[in-house]
Amino acid sequence: MPLLIRNARILTLALPDVSGPRRGKALRELGIIPHGEVLVADGRIAAVGPKVEAPADAEIIDAAGRVLLPGFVDCHTHACWAGDRLDEWEQKLNGAAYLDLLKAGGGIHATVRAVREATQKQLAAALRERLGNLLRDGTTTVEVKSGYGLNTEAELKMLRAIRRAASDWPGTVSPTALLGHALDGDPEDYPRMVTKEMLAEVSREFPDIAVDAYCEKEAWSVEACVRLFEKARKHHPIRVHADQFNSLGMIPEAIRLHARSVDHLEASTKADLIALAQSPTFGVILPCTGFHTDQRFAKAGFFVDQGGALALATNCNPGTAPTHSMPLAIALAVRFCGLLPAEAIVAATCNPAQLLGYTDRGSIEVGKRADLLLLRHKDERQLAYELGGNPVDTVICGGAVIR
Ligand code: NIG
């Protein structure tokens, strides 16, 4: 049945003169229809404007002046995992550092042990529950990485679990093969095995999947990442975690290799941020991670001022960001990364949709997928202002009202 949403303050995110990622001032423009209507039919947006024609049998939602915007696109998560990291978290509260725990065989390795022990079915069930939580908080498209397998069998098990859980979720899951997350063995031999053997096996079963790596001390070196990406990029989009704790020189390489994105950026130099901003590669900020770990945040305001294509994500994972909430990521980006509410909204919707390669979402325009959020509020700045609640009242996903 068609659906008509009326009396809404509509953030269309549609700009007539801008195609491609929003940069600079365009990151602040929300394409607002202050009082309008949206007609949804067959899972798509059929009409949008101050007043639209609707069939007599359309179901009606009266927004009563509240804000309607596109569904969130969370473009960086590690939402598929088993076990928990509560003991480690308590150690961190007592002063232990993330990279020291990793070096001592904890951190990512603790989750790797739990993932290896879990069955594919258990991994899919755990992810399914998290996908439900994501959707309730307004995320209708989510990227989910592997990366807790560290051997071919366990990585494939994760990727199959992600595919399984995605198949019965109303939203869209974009999987990523995080083949270079940590080192399981010699720092030279292990990346060589991944680049030679694991990549080939993953490519065979998941030919279009994005390939990612974590460039950091105690994880993958710049040289190991470059070797993996030189090979992977022939068939796969590439992305990289860089400058979380240390600036190792990955950004210039990521630009040279035409990476889709560089994610984290907490420790990036200004010169690297400028170079990234002037390139086609997206910068992705993950403020829930700084909030949970060590109060260091990416200088996103500076990156935007330099003309960078910015996206914002939760980084949902058991070690550095135990959250599925895009509203929380928006609230933190505004408080700690130097963004305005409008910039954070664009970085949570249309820009990450483009990063993930989706041209059919991220804005409210005729023909786009009907992934829509009706807030509890009449002013979109409340999305960034409210802390710790859920500002999303109604989620419409693929044209269906979810809650
Ligand atoms: O982006 N730092 C690398 N990967 C994740 C954390 C994963 C984990 O600690 O389990 C991140 O923060």
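Which helix lies across E8 and E9, and at about what angle to E8 does this helix run? Hold that for a moment.

First, the ground rules. This is a predicted model, where local features need pLDDT of at least 70, side-chain atom pairs count only at pLDDT 80 or more, and totals for chains, interfaces and linings use all residues. Residues are numbered from 1 along each chain as its sequence is written, and side-chain values use heavy atoms, with hydrogens and water left out.

Now the sheet. Eight strands form an open sheet, ordered E6-E7-E8-E9-E10-E11-E12-E13, with parallel pairing. Strand E6 (72-74) and strand E13 (310-312) are the edges, each pairing on one side only. Neighbouring strands here are turned by 25 degrees against each other on average, direction ignored. Helices (H or I, at least four residues) and strands (E, at least two) are DSSP runs, numbered from the N terminus. Two strands pair if DSSP finds at least two bridges between them.

Zoom in on E8 (residues 172-180) and E9 (residues 210-215). They pair in the parallel sense over 4 bridges. Ala 177 stands opposite Val 211 in E9. Back to my opening: helix H6 (residues 189-205) lies across both strands, at about 160 degrees to E8. Axes are lines fitted to C-alpha atoms, for helices over the stretch in contact, and angles run from 0 to 180 degrees between N-to-C directions. Contact means heavy atoms within 4.5 Å.

Next, Arg 130. It sits in helix H4 (residues 120-136). Arg 130 is buried, yet has no salt bridge. The nearest side chain of opposite charge, Glu 129, is 7.2 Å away. A salt bridge needs a side-chain nitrogen of Lys or Arg within 4 Å of a carboxyl oxygen of Asp or Glu. Lys and Arg count as positive, Asp and Glu as negative; His and the chain ends are not counted. Buried means under 20% relative accessible area, exposed over 50%, partly exposed in between (1.4 Å probe, protein chains only). Leaving out residues up to four places away in sequence, Arg 130 touches Ala 79, Cys 80 and Trp 81.

Last, two loop residues. Most residues other than glycine have a negative phi. Asp 42 has a positive phi, near 50 degrees. It lies in the loop between strand E2 (32-41) and strand E3 (44-49). Asp 42 counts as exposed because its relative accessibility is 82%. Ala 64 also has a positive phi, near 50 degrees. Its loop runs between strand E4 (59-62) and strand E5 (67-70). At 44% relative accessible area, Ala 64 is partly exposed.
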